[in-house]
Amino acid sequence: MHGEYKVPGGKLVVVDLDTEDGLLRHVRVAGDFFLEPDDAIESIDRALEGAPADTDAAGLAARIEAALPPGTVMYGLSTEGVAIAVRRALARATDWTDYDWQLIHSAPESPALHMALDEVITTEVAAGLRPPTLRVWEWAAPAVVIGSFQSLRNEVDAEGAERHGITVVRRISGGGAMFIEPGNTITYSLSVPDSLVKGLTFADSYAYLDDWVLGALGDMGITAWYQPLNDIATDAGKIAGAAQKRIVSGTGAVLHHVTMAYDIDADKMLDVLRIGREKLSDKGTRSVKKRVDPLRRQTGLPRETVIERMIDSFRGRYGLTTGKASDEEMARARELAATKFSTPEWTARVP
């Protein structure tokens with residue numbers, strides 16, 4: 001069995017192993033990490049040898065930690081990372097490069113249609129009817145997108161939204177509200193097979209699926225990191241938030257979507273979102289700008305250039321061919337947008 005895991009912000013860990021009578025055997029850990037002393041790698045292998053195959057990642061990490069020589073230094077590596085690689089090997093998880101990735105980056109669409117496309121495309125990936133997909137959104141209108149379980153009245157000032165011509169929609173994933181203005185926002189979705197995140201906890205899958213974009217930001221001169229559970233942050237402040245939804249039909253798939261702040265109209269956001277006022281009522285608009293630090297200021301690049309560089313970074317890592325949503329997928333998405341995502345029954349399902 002073979003498992004790989006890229007430690008967030010670190011290096012690749014590779015584990016090869018067998019199982020015999022429910023125990024780990026012939027364990028070999030490798031990777032492009034740095035480790036001192038040199039023979040610490042043998043200590044890691046020995047710690048894992050003979051471990052029960054149903055040991056969870058925390059238990060495996062504890063075995064490794066206890067076996068390391070005094071003064072061991074790990075760089076780009078962690079005991080947790082090795083343990084996750086073992087669990088991925090046992091789960092027969094796939095890797096990014098096992099797939100032919102497709103890009104969808106089309107004309108602006110309505111907020112409701114974007115919600116529907118996420119559901120349709122991810123369901124198609126789960127059914128094995130389309131390849132894993134990176135979809136970059138273009139917005140046709142401003143919106144507030146609330147999480148699946150958020151209270152509509154608690155999150156959104158209805159009068160403020162109407163005053164600014166902002167549509168409110170509810171997505172299928174959990175998490176918090178997103179304030180969207182077409183020229184100020186970069187949004188993308190990853191629709192991936194469940195096998196890509198096998199062996200990862202729900203929390204670990206966020207970091208794993210966000211890792212490529214940290215590299216893309218680094219190429220643009222931004223030092224960013226994953227901040228649990230679902231944020232991408234820099235020294236200057238948060239720049240993005242992620243959310244996920246698991247699709248259990250077919251062989252299973254994960255929807256992982258991220259909204260990044262390219263720019264921000266903090267006054268308008270506070271006029272529309274109630275939650276912003278509650279979180280920051282004692283700090284005011286200046287604190288909103290400090291808490292969310294837009295990519296425009298940090299990169300000095302046009303929004304279109306930031307998107308192009310993100311796509312190029314993904315393509316360079318994993319390969320990416322340009323595609324589109326099929327006519328059938330678009331028809332299903334339009335029907336869902338009309339019958340679900342534009343209806344008060346869905347949008348106000350948690351009043």
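Here is a short chat about some strands and a helix in this predicted model.

Visitor: Hi! How many strands form the open sheet, and in what order?
Guide: Hello! In this predicted model, 3 strands form that open sheet, ordered β1-β2-β3, and their pairing is antiparallel.

Visitor: Which strands are at the edges?
Guide: Those are β1, residues 2–6, and β3, residues 23–31; each of them pairs on one side only.

Visitor: What holds paired strands together in general?
Guide: Strands of a sheet pair through backbone hydrogen bonds, and the pairing can be parallel or antiparallel.

Visitor: OK, how many bridges join β2 to β3?
Guide: There are 7 bridges between β2, which covers residues 12–20, and β3, and the two run antiparallel. To see one of the pairs, look at T19: its bridge partner in β3 is L24.

Visitor: Which helix packs on this sheet?
Guide: That's α3, residues 79–90, which touches β1, β2 and β3. The direction of α3 makes about 50 degrees with that of β2.

Visitor: New topic: β8. Are the faces of β8 covered or uncovered?
Guide: Both faces of β8, residues 143–146, are covered. A143 and V145 are buried on one side, and V144 and I146 are buried on the other.

Visitor: And which way do β8 and β9 run, parallel or antiparallel?
Guide: They run parallel, with 4 bridges joining β8 to β9, residues 167–170. In β9, T167 stands opposite A143.

Visitor: What about β8 and β10?
Guide: Here the pairing is antiparallel, over 3 bridges, and β10 spans residues 178–180. A143 turns up here too, standing opposite I180 in β10.

Notes
Residues are numbered from 1 along each chain as its sequence is written. This is a predicted model: local features need pLDDT of at least 70, side-chain atom pairs count only at pLDDT 80 or more; totals for chains, interfaces and linings use all residues. Side-chain values use heavy atoms; hydrogens and water are left out. Two strands pair if DSSP finds at least two bridges between them. Contact means heavy atoms within 4.5 Å. Axes are lines fitted to C-alpha atoms, for helices over the stretch in contact, and angles run from 0 to 180 degrees between N-to-C directions. Buried means under 20% relative accessible area, exposed over 50%, partly exposed in between (1.4 Å probe, protein chains only).
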